[in-house]
Structures are given as structure tokens and as C-alpha cells.
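Me: Could you walk me through a few of the labels used for this model, and what stands behind each one?

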Amino acid sequence: MATDSETSPGTTAGIAVAALMAVGSMTSVQLGAALATPTLESFGPMGTTWLRLAWAAVLLALLTRPKILSYSRGQWLATGLLGAAMAGMTLCYFQAVLRIPLGLATAIDFLGPLGVAAFGMRRVWHAVWPVLALVGVVLLVHDGTDWTVDLVGAGFALGAACGWAAYIVLMKRVGQSFQGLQGLTMSLVVAALVATPWGLAENGGHIPLPVLGITIGLAILVPLLPYALEMMALRRMPTRPFGILMSAEPAIGTLIGFAVLGQALSPAQLAGIALVVIASLGAVAGE
């Protein structure tokens, strides 16, 4: 468990470590999403997401051995809300990835952290950043003559954005309320339980043996490793600097989508991603 000096927001060492954790988290999420595409297509996004969450919960519970009987009502409430946000965010995100390019899904998804960063802005001119982000999203889904992407996929990405916004706020709260990764463990258990009906309904409870093995590896890439890294990063910095770091994720998603899946975006869509990233940076830095 990290010491107080390591986790104090604003310290040079803490911010540097948090930055490395955030980059590692973003890379793991995008790589995990790209590598999961064949399984998503064959087994389904709901079933794959459910198994990933379930494996992550089991693996982390074995490592942390959570003290279930010692938690307060407030701690249970926090982990319950975070688990529900995790499940909704992940289910929506992988539905989106199945329908639209990875970089595009991530850019729309990033409106969630942008909303967290923009919330509570005290200057009127700061409203330019959400407007700029909205223009970016329009460029992402419409090229001026026709819709360029599956609107259902874009809708799922927006749903994931809402879940991501709640996740950032709740993850920081849970991280501060529990020792080590116990809060994350219980949140993942809740997330797996929330996703269970959706996963079972999609495949009728039939799980091929190879899928069980594949989803163990996928669970480590997403969500286990990123969630753990983000919880530890948020202990070392406030949510606004964290949002600055997360603004790189659409670009990382675009690069990995191109390198792993061969997904190329149009100039208008690349411009849209750039506008979302610029808006994010402005929202969190423009105090």
C-alpha cells in the first residue's frame, strides 16, 4: 500500500508516477479492446464483457482477500455505485467498438471525462470547450453530406461516456475509502453481478471452453490492469490533471485501431478527434 507522501496530490513524485500509470492504463484499454474484437464478434459483446468482469473480480479477490464483514454502509454504497457504473460503461463501450472504429468510439467516449473536467467551471468563456467538443463529435459522425458511422454505435459510445464520467468521480471516492485495492475488488464483484443477466441472455448460458481461456487474458488487459492503475493514479492527483492525461486516449485508440485492426479514419474524423482532445485539454487546464 502506498504511503501518504506518495499519494498526496501535487507532489512531483506522485504526479510523475500517476502519469505513467495513466499512460499504461490507456494503452492497456485500447490494446485490450482491439485484441478482443474477434471474441466480441463470435461470442457477443455482452457475454464477453460479462466474462471479463467476472474473471477480473475473481482474480483480484484471490489477490486482495477483501474483509467483507468489516465494511461500513457508506463503503458498500460507494462500491455498489462504482460497480454499476463499471458495468454500464464497459457493456456500452464494447457494443460501440463492435459497430464503429476503435479511435472513433474512444473519442466519443471521452466526452465523459470532459464533462467531469468542465463541471463547476466558474468562467462563462469556459463554455467554449464543451461546444468545441460537440463540434468534434459532429465531425466524427457526419462528414457534411452523410452520416459516416453507425448511429447506434455512436449512441452506445455516448452511453459509455456517461458511465465513464460517473466512474471517475466514484473511483476516486472508493480509492480514498478503502485500503489497497479492496474497494476495487468489491466494485468489480458488483459489476460482474450487474453484467451477468445480460451475458447469460445473449448466449443462453452456453460458454465454449476456448472462450473461458481467452477471456482470462482479456480480463487482465481490460478491466483489471487499467482499473487498478487508474485507482492508484487518482490517489496521487485530483480529477482535473487526471483528465489532462486521459485526453491522449482517443489518439492512442486511433493508432492501435489502425495498427492492430487496420481501421483508417477520414480527414474529417481525424479533425474531430483533434477537437475533442483540444477541448479536453482546455477544459481541465483553463482555470
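Reply: Gladly! Contact means heavy atoms within 4.5 Å. This is a predicted model, where local features need pLDDT of at least 70, side-chain atom pairs count only at pLDDT 80 or more, and totals for chains, interfaces and linings use all residues. Residues are numbered from 1 along each chain as its sequence is written, and side-chain values use heavy atoms, with hydrogens and water left out.

Me: Which residues does Leu188 touch, not counting residues up to four places away in sequence?

Reply: By that cut-off, Leu188 touches Leu53, Ala56, Ala57, Leu60, Met86, Pro223, Leu224 and Tyr227.

Me: Why is Thr106 called buried?

Reply: Buried means under 20% relative accessible area (1.4 Å probe, protein chains only). Thr106 has a relative accessible area of 1%, so Thr106 is buried. Leaving out residues up to four places away in sequence, Thr106 touches Gln30, Tyr93, Glu249 and Pro250. The C-alpha atoms of Thr106 and Glu249 are separated by 7.0 Å, although the two are 143 residues apart along the chain.

Me: What makes α5 roughly antiparallel to α9?

Reply: Helix α5 (residues 73–99) and helix α9 (residues 151–177) pack at an angle of about 150°, their axes 7 Å apart. Angles run from 0 to 180 degrees between N-to-C directions, and those over 145 count as roughly antiparallel. Therefore α5 is roughly antiparallel to α9.

Me: And how many residues of the contact of α5 with α9 are nonpolar, polar and charged?

Reply: There are 19 nonpolar, seven polar and one charged. Ala, Val, Leu, Ile, Met, Phe, Trp, Tyr, Cys and Pro count as nonpolar, Asp, Glu, Lys and Arg as charged, and the others, Gly among them, as polar.

How values were computed
Helix = DSSP H or I, 4+ residues; strand = E, 2+ residues; numbered from the N terminus. Parallel < 35°, antiparallel > 145°, perpendicular 65-115°, else oblique. Buried < 20%, exposed > 50% of the residue type's maximum accessible area, 1.4 Å probe, protein only.
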